[in-house]
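Look through the two chains in the viewer. Then read on for a tour of their helices, sheets and contact.

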Amino acid sequence: MSNLHNVAQYILLVILLGLASVAAAQDSASGDHVRVRWLAPESFVAGETETIGFYFEVDPEWHVYWRNAGDSGAAPRFDIASDTAAVGEIQWPFPVRLPIEHLTNLGYKGNVAYLFEVTPAAGADTLSLKANLEWLVCRINCIPGFGSMRLERPVGPASSWNSGDRALRDRFAQRVPRPGAGSPWRAISLSESGGEKVRLTLEGPGQSPRVFPLDGELLTATEPALRTDGDRIHYTFERVPGSQRPETAGFVATDGERAWRFDAIPFGAASSAPTDGQATALWWLLLAAFAGGAVLNLMPCVFPVLSIKLFGLINTGTDTAGRLREGLVYSAGVLVTFAALGGLLLALRAGGAAVGWGFQLQSAPVVLALILLFWLMALSFSGVFEFGHRLMNIAGSSRGGSFATGVLAVFVAAPCTGPFMGAALGAAAVLPSASAMALFLGLGAGLAAPFVLLCASPALLKRLPAPGPWMDKFRQLLAFPLYATVIWLLWVLGRLLGDSGWLIGTLLLLAVVFALWLGRNFARAGRVAGYLLAVGALVAAFGALRSPESEPQLAQGEWQPYDKIAIERARADGRAVFIDYTAAWCITCQVNKKLVLDTPAAMKLFADHDVLLVRADWTNHDSEITRALAQLGRNSVPVYAWYAPGAEEPELLPQILQKRMIVALFDEKSTLQLAEDETP
Amino acid sequence: MNGRHLIRSLLLLLALPTLALAAAVPGEKAPDFSEVDAEGKTHSLADYQGEWLVLEWFNQGCPYVQKHYGSGNMQALQKKYTAEDINWLTVISSAKGKQGYLEPAQALAEAETHKLNASAPFLLDPDGSMGRAYGAKTTPHMFIINPQGEVVYAGAIDNNDSANPAVIPDSENYVAAALDASLSGEAIDVASSRAYGCSVKY
């Protein structure tokens, strides 16, 4: 009997529960794998705006979606009507990327609340809302769901929330994107990158935010390729194939806790930021910098300086420990100088000045000072005067001397851009400051390494011949590269200042030699006269340094001076363009010019194919050419840019040119032919 | 070994993944295909040279496909445009064992129950080669190819990604608009859109 009673009670309970759920159907909605209920207070306050929402409880592994659902899927739809309240737009918490098979969707892992604002109408004592909902819930298969929900709540003097619901509401409200103006990031640019990509650049500190496109018609939901460059973060999004480009596009950026909305970023011109292909890994650049630095030891303008130093070390007969100390002091000199130059470059870059490597040779006083220095060293080597004692004391045995040698080595090495240096320096000019400085130090370490090695290893040093009279002859021999350097620098000065450069430079050299002669031959009075003459000549010479009024960029033969508009026009006309970025002080440039570019064979090829030849002369500081180089990701010369007819992007030729490379521009078959001919 | 040659080979290698992700892009040549229909007849792009061709991706289990078939919307479009000598192929790219996969006999039966009005009973692409070549993401994903073999439309069937058939009368049908514009010699207003629906089950 009692059993039967229990059963009846149970049945009654089930029926009651069923009735209750029918009655409550107004207050919630459900479908396969989804239950939706209100997140709303028990009572509203008259005239006060409250944020409420729909809370979607979703089965594990099933998802509902963001406003832009991504490659498939669909955002839920809310149709809310009320006579007794003003209802705001749906606020969408920021999503996550949900990869499903070959697609990416934008939605939520787990439960989510879609929020909106509601304000009770004036005078209403209840607030009622009716909402029609449609949603899509997917794991791999998708199931649409529909539902109707009604909300009836009193409007009273105070709002009262179920504390759990309010916490839920607050949690998701926190994730709703706020206006981008208050975000840690600033939108810098938005540009098309080829036909299939769109690049967004943000600027800001710290971790790169995740970014979601608002417009699924324009961009796919695939995770964008990310690249950072200092404080700038470049996102490259995949475009929906064939989509039309709107005027603006919107994005949401999130740090994982909060989010910001960038509603309408206008499309700008393609930015000149280097393309991803050039964003080479830092370690590779550092390696290249080190190798480039090591190669610099063999450059004609560095080798003599190092020889002097090594020469001094052997001469003084210091032991291994002493030599190692010298080597390390030398390295310190090199590194400090590289760091200083790097710091200067970074400071100038920060200041917006368009400068490039080798810029110290764009300054006439620096060039003149170098001429004087090398001239004195050469004279001393030749035995004209015993500057030796002092120079050797300075650049010789003392620690300051090793340090000075290091400084000198860097200064004269800089313009001898080794084949590896171009890319490393170009990267340094666009890299974040810390990485750029690391590159500079890498170059310095490369330059210093062979010398330190030689100092540290007695075995290697023993291979060097013992000191003897041959060293005098060797020293005299070393004078000749120095004389050659003087001639080269004089020529640079001539290019900088015109004919007067030659005159000022050579007159100063003459005055210095005369002063030396006076000082050596006429005891005290002579020495005083010598000093006076030297000082007078120096003042006069440096005072006379003036740039020529105009800088005639002479068209040399077929070569046109750099003119951006002419280049653009030629490219628009479908003409091929070859640009030789060069400078008088760049030896590699001059060699390439003489051996390859200005040869009749190359000129004929260029003429036959109607190529616009441009010589961008960077001998003097020219900000337009500096900018053009930066766009190519370079910061030093030589650079050879080849625009094939109709080509969007230039092809950059190697820094050391060969004739067959020019031939190859016009006929790929002949490259193969030549290459085969060359193989023995 | 020629250095340029090596570089070119390397570039080619790098380009391979991009080729694998090729898609039908409005304004560009349509990717080739050659697939067998439920009746065993082979259809390839070349067969439709000089003619208009509509491609539709299908999965009978997808609620969005059901939206357009249950309402008769898709069949009406098929009927209307095939009557104007436009070819219409409905493709199933579901892999064997995945939702929507049909054996030829089942496909014939489905064509019957769905009152399919396409030019051929379902084109069967179980290896997904055609779907991947076109970059078909969803069912229904729609493509229109002109007589020159160029894609002129790629994307959704209309502008309303609701699964509710009730919204169809108020939706802007992109496929119909593109076909009507093309047939009357006008420019296509919307040539691309986000394809909505269920993911293709490759």
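This is a predicted model: local features need pLDDT of at least 70, side-chain atom pairs count only at pLDDT 80 or more; totals for chains, interfaces and linings use all residues.

Residues are numbered from 1 along each chain as its sequence is written, and chains are lettered from A and ligands numbered from 1 in the order in which they are written.

Start with confidence. The predictor gives the complex an ipTM of 0.77 and a pTM of 0.51. Per residue, confidence is given as pLDDT, which runs from 0 to 100. Chain B has a mean pLDDT of 86. In that chain, 89% of the residues reach 70 or more. Residues 1-21 of chain B are another matter: pLDDT stays under 50 there. For this stretch the model has six contacts beyond four places in sequence. A contact here means that the C-beta atoms of two residues, placed from the backbone, lie within 7 Å.

Now turn to where the chains touch. Chain A gives 26 residues to the contact, and chain B gives 26 residues. On the side of chain A, three elements each supply at least two residues: strand E11 (126-138), strand E12 (142-156) and helix H20 (668-678). Helices (H or I, at least four residues) and strands (E, at least two) are DSSP runs, numbered from the N terminus. E12(A) supplies the largest share of that side, four residues. By class, the side of chain A that touches chain B has 13 nonpolar, eight polar and five charged residues. Ala, Val, Leu, Ile, Met, Phe, Trp, Tyr, Cys and Pro count as nonpolar, Asp, Glu, Lys and Arg as charged, and the others, Gly among them, as polar.

Stay with E11(A) and E12(A). These strands form a hairpin with three residues between them. They pair in the antiparallel sense over 13 bridges; strands count as paired if DSSP finds at least two bridges between them. E11(A) is also joined to strand E6 (residues 77-81) of chain A, by five bridges, and these two run antiparallel. Leu133(A) in E11(A) stands opposite Phe78(A). In E12(A), the bridge partner of Leu133(A) is Gly147(A).

Next come two open sheets of chain A. One has four strands in the order E13-E20-E19-E16, with mixed pairing. Its edge strands are strand E13 (178-179) and strand E16 (210-213), each pairing on one side only. E16(A) pairs with strand E19 (residues 248-254) in the antiparallel sense over four bridges. Pro213(A) stands opposite Phe251(A) in E19(A).

The other sheet has five strands in the order E21-E23-E22-E24-E25, and its pairing is mixed. Strand E21 (560-561) and strand E25 (651-653) stand at the edges, each with a single partner strand, so one side of each lacks a neighbour in the sheet. Three bridges join strand E24 (residues 639-643) to E25(A), and the two run antiparallel. Ala641(A) stands opposite Leu652(A) in E25(A).

The helices follow. Helix H13 (residues 499-521) and helix H14 (residues 523-544) of chain A have axes that come within 7 Å and cross at roughly 170 degrees. That makes H13(A) roughly antiparallel to H14(A). Axes are lines fitted to C-alpha atoms, for helices over the stretch in contact, and angles run from 0 to 180 degrees between N-to-C directions. Angles under 35 degrees count as roughly parallel, over 145 as roughly antiparallel, 65 to 115 as roughly perpendicular and the rest as oblique. Among the residues that meet are Leu508(A) and Val512(A) in H13(A), and Leu533(A) and Ala537(A) in H14(A).

H13(A) also meets helix H6 (residues 364-382) of chain A. Their axes come within 11 Å and cross at roughly 40 degrees. That makes H6(A) oblique to H13(A). The contact includes Trp375(A) of H6(A), and Leu508(A) and Val512(A) of H13(A). By class, it has ten nonpolar, one polar and no charged residues.

Two backbone details remain. Most residues other than glycine have a negative phi, and most peptide bonds are trans. His33(A) is not a glycine, yet has a positive phi of about 65 degrees. His33(A) lies in the loop between strand E1 (28-31) and strand E2 (34-39) of chain A. The peptide bond from Thr139(B) to Pro140(B) is cis, with omega near -5 degrees. Pro140(B) is found in the loop between strand E6 (138-139) and strand E7 (142-145) of chain B.

Technical notes:
pLDDT is the predictor's confidence in each residue, from 0 to 100.
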